[in-house]
Amino acid sequence: MKIEDLEKKFQDRIDAGEKIEPKDWMPEKYRKTHIRQISQHAHSEIVGMLPEGNWVTRTPTLRRKVGLLAKVQDEAGHGLYLYSAAETLGISRDEMFRQLHTGKAKYSSIFNYPTMTWADIGTIGWLVDGAAIINQVMLTRTSFGPYARAMVRICKEESFHQRQGFEMILTLCNGTAIQKEMAQDALNRWWWPSLMMFGPRDEESPNTEQSVKWKIKRKTNDELRQQFIDITVEQAKVAGLTIPDPDLKWNEERGHHDFGAIDWSEFWRVVKGNGPLNKERLKARNDAWDNGEWVRDAAMAHSEKQAQKEELKKAV
Amino acid sequence: MKDKLYEYLLMLGDNSMILGHRLSELCGHGPSLETDIALTNISLDLFGQVRSYFQYAAELKGEATEDSIAFLRFDRDYRNVILVEQPNTDFAHVIGRQFLFDAFHLPLLEQLMKSNDEMIAAIAAKSIKESRYHLRFSSSWVKRLGDGTEESHNRMQEAINHLYPLVSELFRETETEKGMKELGIGADLELIKESFDEKVKTILSEATLEIPAVPSRQTNGKTGIHTEQMGFILAELQYMQRAYPNMQW
Ligand SMILES: [Fe+2]
Ligand SMILES: [Fe+2]
């Protein structure tokens, strides 16, 4: 079959709602795009453990300790499923890690901001997991089977994280003035970076059309961002918090909230590696990897020895 | 009796809490994703146990909560053994500390399941499955590191050399433990020691490691004499409750 025919058949399957499985024929570009997107997604889960991990030793109560440990552990699990999904496309986990550690692969820029107070932990659950769900729900129906299936499981957990985070914020807002101030301050710092999680404006986002064809995307960055803002504005009202945007107001005609200009120069600065903590996050990942090398080598050596013993037993 | 029982619950809870805290420091920094998840999981289990012990202790004491007990005592009032406050020097120390604690913890819980105190028996029955898994995990890693590469063998042996002299404290009976044992509430440490010695001997020998011939150290964490590390552990653990007292979180 000619390559054009293969490509047409491939696209017809996607259009018919069939899932593409790892062993199926696929265009090289489809494979590459998926390796890139799934591994970046996995990296985001893993790097995302760091800002929250920063507070596990200092939670205010035992109940919050257990909740936060479980959440960070879930994120590690998400990383694991996603790395496995990417591996089905013919890239090893070690190679993906190498790309992360050398700065070749990207991860979500939001994790380059610091968690300074306890309220940041609730805010991350509320906004960051909240934004992640909006991005990811559409991926549960994406064309690549292993990715779609990983997303179903991940989305369930993310929505639990979002509720848990918002509940933490509500608790602060119903608490003392100091606690409410802490929550407001966290919202002030995380609001704009959260809006940037949906990526550049549609005019500046070149991949959208191809992504729509492959069902990686069903809505554009701007549509998703708008959806997030509309939902979150209502939640902020419930909590009694003020969204730090003087231009934010309901537009009756559009049926959506209008909002102020996003500082895209900040977005690009952080993406390019010059955010508040890009260097520290990468260093933490590199250190964990480098310090773990002898452990991984030992595990490998041990399992080889075990295999040899088994061989010997069989030979006797 | 009530005071002694309260004190006994602190001993049980503090061991799990301080070890759980040490493990939580590693969250996101493990040598692989799988070990990261496993260690966080063990930490979670331990904190679950802490909550059960301290909720019960709070009930006994009155005018206390699991959190006031966990976070608002002074340094000298913590009852954990010195072994569990040892730092995460490297992965071999983390595994060594975990293994030695698990080899003690499992037979402890086996006895506590038969405690005359129904609450303690119930908590132990719930925790024992977790503890069994912890011991399986830590034993398998002791073997992997001991029988892995030359470097891992040396590191694991060094960790055991450092940690083993601290285990004698686990079996040195305090007044509280004696009292609880006599009432059939607490465990008999001598019986635990038999099972502990057996397990450690077996696993270390499979791991091609040696039990170090070094004298045991005079440590008294159980009566509140801790290392210099403890203050820093508590500074983190208690930070929020100290900085923002009397608030709901
Ligand atoms: Fe996640
Ligand atoms: Fe999450």
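This tour goes through the two iron sites of chain A, then the nonpolar core, then the interface between chains A and B. The model is predicted.

**Stop 1: iron ion, ligand 1**

Select ligand 1 and show the side chains around it. The angles among the four donor atoms run from 87 to 138°, and the site is irregular. It is not assigned as tetrahedral because that would require all angles to lie between 85 and 135 degrees. For reference, the ideal angle for four tetrahedral donors is 109.5 degrees.

Colour the helices next. A:Glu75 sits in helix α4 (residues 62-87) and A:Glu158 in helix α7 (residues 145-173), both of chain A, so the pair links parts of the chain 83 residues apart. A:Glu75 and A:Glu158 are both buried.

**Stop 2: iron ion, ligand 2**

The distance between the two iron ions is 3.5 Å, with A:Glu75 coordinating both. A:Glu75 in helix α4 and A:Asp129 in helix α6 (residues 118-137) of chain A tie together parts 54 residues apart in sequence.

Which residues hold this second ion? The protein donors of ligand 2 are A:Glu75 (OE), A:Asp129 (OD), A:Glu158 (OE) and A:His161 (ND1), at 1.9 to 2.2 Å. Their sequence spacing reads E-x53-D-x28-E-x2-H. This site is irregular as well, with angles of 89 to 147° among its four donor atoms. A:Asp129, like A:Glu75, is buried.

**Stop 3**

Now centre on A:Trp118. Among the residues that A:Trp118 touches are A:Trp55, A:Pro60, A:Leu68, A:Met168 and A:Leu172 from chain A, and B:Met240 and B:Trp249 from chain B.

**Stop 4: the interface of chains A and B**

Show both chains. Contact involves 47 residues of chain A and 47 residues of chain B. About 4000 Å² is buried between the chains, with 71% of that area given by carbon and sulfur atoms. On the chain A side, select A:Thr57, A:Leu62 and A:Trp294: these lose the most area to chain B, together 20% of what that side buries.

Finish with the charged contacts. Two salt bridges are counted between the chains. To view a salt bridge, select A:Lys305 and B:Asp147, whose closest N and O atoms are 3.4 Å apart.

Key:
Residues numbered from 1 in each chain as written. Chains lettered and ligands numbered in written order. Predicted model: local features only at pLDDT ≥ 70, side-chain atom pairs only at ≥ 80, totals over all residues. Heavy atoms only, no water. Donors = N, O, S within 2.8 Å, 3.2 Å for Na, K, Ca; no water. Tetrahedral: all angles 85-135°; square planar, octahedral: opposite > 155°, others 65-115°. Helix = DSSP H or I, 4+ residues; strand = E, 2+ residues; numbered from the N terminus. Buried < 20%, exposed > 50% of the residue type's maximum accessible area, 1.4 Å probe, protein only. Core = buried A, V, L, I, M, F, W, Y, C linked by side-chain atoms within 4.5 Å. Contact = heavy atoms within 4.5 Å. Buried area = accessible area lost by both parts, 1.4 Å probe. Salt bridge = Lys/Arg side-chain N within 4 Å of Asp/Glu carboxyl O. Lists of a residue's contacts leave out its neighbours within four places in sequence.
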